[in-house]
Amino acid sequence: MGRQEAAANATLLYAPVVIGLLVTVVGVNVSRGPLALARLALGCFGAGFALFLLAKASLLRQGTRLSFGSPGCRPGTGARTAPATR
């Protein structure tokens, strides 16, 4: 099994669980009141923005403030990349 097939299988396996957890969290927060749901939405927005800044950190260090896609990103800046060997 290749990497793409493994990723597709993992997505199909875990997607219903993640969706179920999200529906549960949203349902509990709606029953508590709209303020709790607004806090959840704000927290998700903040987490997404933090991950966006983390992904674009190399471009921001280079001074590129507007970019579309990943052509300007340097390889090896992510946390999951293996160290380069010489």
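Student: How many helices and strands does the protein chain have?
Tutor: The model under discussion is a predicted one. From the N terminus on, its elements follow the order α-α-α. The count for the protein chain is therefore three helices and zero strands.

Student: What percentage of the residues of the protein chain count as buried?
Tutor: A residue counts as buried when its relative accessible area is under 20%. The chain exposes about 7600 Å², and carbon and sulfur atoms supply 68% of that area. Of the 86 residues, the share that counts as buried is 7%.

Student: Where in α1 does a kink lie?
Tutor: Helix α1 covers residues 3-32 and reaches 42 Å from its first C-alpha to its last, close to the 44 Å expected for its 30 residues. Just after this helix, Gly-33 takes a positive phi of about 140°. Within α1 there is a kink of about 35°, shortly before the proline Pro-16, and its place is Tyr-14.

Student: How is the aromatic pair of Phe-45 and Phe-49 classed?
Tutor: The structure holds two aromatic pairs, and Phe-45 with Phe-49 is one of them. A pair of aromatic rings is described by the distance of the centres and the angle of the planes.

Student: How many residues apart are Phe-45 and Phe-49 in helix α2?
Tutor: Both residues lie in helix α2, which spans residues 34-55. An α-helix has 3.6 residues a turn, so residues three or four places apart point the same way. The separation of Phe-45 and Phe-49 is about one turn of the helix, namely four residues.

Student: Is Phe-45 buried or exposed?
Tutor: Phe-49 has a relative accessible area of 45% and is partly exposed. For Phe-45 the value is 59%. Because exposed means over 50%, Phe-45 counts as exposed.

Student: Which element gives the most to the nonpolar patch?
Tutor: Phe-45, Phe-49 and Phe-52 form one aromatic cluster. These three also belong to a nonpolar patch on the surface, together with Leu-42, Leu-53 and Leu-60. The patch has about 630 Å² of accessible area in total. With five residues, the element that gives the most to the patch is α2.

Methods:
Residues are numbered from 1 along each chain as its sequence is written. This is a predicted model: local features need pLDDT of at least 70, side-chain atom pairs count only at pLDDT 80 or more; totals for chains, interfaces and linings use all residues. Side-chain values use heavy atoms; hydrogens and water are left out. Rings of Phe, Tyr and Trp (its six-membered ring) pair if their centres lie within 6.5 Å; planes under 30 degrees apart count as stacked, over 60 as edge-to-face and the rest as tilted. Helices (H or I, at least four residues) and strands (E, at least two) are DSSP runs, numbered from the N terminus. Buried means under 20% relative accessible area, exposed over 50%, partly exposed in between (1.4 Å probe, protein chains only). Patches are made of residues with over 30% relative accessible area and no salt bridge: like charges are joined within 9 Å, nonpolar side chains (Val, Leu, Ile, Met, Phe, Trp, Tyr) within 5 Å. Accessible areas come from the Shrake-Rupley method with a 1.4 Å probe; for residues, only the protein chains shown count as cover. A salt bridge is a side-chain nitrogen of Lys or Arg within 4 Å of a carboxyl oxygen of Asp or Glu. The expected span of a helix is 1.5 Å times one less than its number of residues. The bend at a residue is the angle between axes fitted to the seven residues ending there and the seven starting there.
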